[in-house]
Amino acid sequence: MGKLPERGEFVIRNAYVMTMDAATGDLPDADVHVRSGAIVAVGRNIPASGGQVIEGRGMIVLPGFIETHWHMWNTLLRSMSGDKREHGYFPTAAALGKIYLPEDMYQGTRLSAVEALNGGITFVHDWCHNIRGPEFADANLRALKDAGIRGRFSYGAPQAHPAGETIDLADFERKQANWRSYSNEGLLSLGLAWRGAFNDPKSMVPNDAARREFAAARKLGLPISIHVSNARARAGQIAALAKENLLGRDVQCIHAIWVTPEEIRALASAGTPVSFSPYTELRIGFGFPQTGEFLAAGVTVGLSVDTTALSGNADMFAIMKAIQNIENGRSENEFKLPARRVLELATIEGARSMGVDDRVGSLKAGKRADLIMVNTREVNLGVFSEPAHMLVEAAQPSNVDTVMVDGRILKRRGRLTAVDVEQVVSEASLALSGVRKRAGWW
């Protein structure tokens, strides 16, 4: 990987600016001034001299997308969830995950991060559930740092780890103690990818190992994230967590498909955010996210890729389109989930769900300069009509002209600036070949 671009001074002129800030709204023919990684000003005819001028005519400028749950290491396994039970997602991830080397973790995560940036995702939640030793976590973190992306790294157990054994708590605590060396100047934060380990499907009480992991994260003041109620057989898990006082603003619940109105109210009362990944939830057969019910209850909702082994790609435009269409289809109501609200889930609400809305998620003076420019002159966008609808219903990653993370331009005029895409893809392909050969998986 090459050196990341410097944080410079830029002024985007004459763009359609969607600030995603409730007080400011949209600003046609407006400017965004960025200096040293921060947004200096957003508005019309901003007085600024000395900075590089970026012409924004024909562009929609908006905050970078916030991704809230992604097993980035297994992007090496893209579209490898097959058509037979033995080749389904979970058997595939378990069998091949055990064969991974640290370099494979790096290659999978780097490929994920590069794809994210290419499609306008500037924040990722790397839910790393294949840490087979400290060097595996180090490799993932190095990939995130090299790409220059913002995100949270959630430390998890390796594939096929015994439910009664904790993660490497000593390394988890060391990572936190030495986080300054991993954070890439504050772009990355640390969390716990918590299994929960509900051994008894009837009582669904977390076992001792799960309790120790939860307590360790709470003691360190780190956020916790858990997959819950993703299948009918796992219904009731949120109620069990609530009963055990294991919910809170620092606990993110992923999927939460099979839930009751009472459980939704419990999440809202605790301030617990949720993450929906509609493409993987549909592809694997979990069911349909109840987006409308969660939003009506006041639960903070974010959107996620989950795993490209199931979703195929990391396209936040498609994810937004899916979440809207599922909700409108469920409710038999064309107007149930408006495009503007969906766009909020991918930006400011996603940032709120990850606890980073004070820094990113909207374009506002004082926030960090994580933003994207979408070219509306491409053939699939073609005419400028309703910008929120255009982004949710028509746009795709190829329309992303420019991507900025913390004031660094990482994509410009449709091309990534800090990576050699051909090299990234080639090295990832070689890594997958090695994994498949060692596993005898053909």
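This is a predicted model: local features need pLDDT of at least 70, side-chain atom pairs count only at pLDDT 80 or more; totals for chains, interfaces and linings use all residues.
User: Does R413 count as buried or exposed, and why?
Analyst: Exposed means over 50% relative accessible area. R413 has 64% relative accessibility, so R413 counts as exposed.

User: What is phi of R413 near?
Analyst: Most residues other than glycine have a negative phi. R413 is a residue other than glycine, yet its phi is positive. The value for R413 is near 55°.

User: Which loop does S36 lie in, and what is its phi near?
Analyst: S36 lies in the loop between β2 (26–35) and β3 (38–43). S36 counts as partly exposed because its relative accessibility is 48%. Its phi is positive too, in a residue other than glycine. For S36, phi is near 50°.

User: Why is strand β5 described as largely enclosed by the rest of the structure?
Analyst: Strand β5 covers residues 59–63. Buried means under 20% relative accessible area. β5 is largely enclosed because the number of its residues that are buried is five of the five.

User: Which residue stands opposite M59 in β14?
Analyst: Let's look at the pairing of β5. Two bridges join β5 to β1 (residues 9–18), and these run parallel. Five bridges join β5 to β14 (residues 371–375), and these run antiparallel. In β14, the residue opposite M59 is N375.

Technical notes. Residues are numbered from 1 along each chain as its sequence is written. Side-chain values use heavy atoms; hydrogens and water are left out. Buried means under 20% relative accessible area, exposed over 50%, partly exposed in between (1.4 Å probe, protein chains only). Helices (H or I, at least four residues) and strands (E, at least two) are DSSP runs, numbered from the N terminus. Two strands pair if DSSP finds at least two bridges between them.
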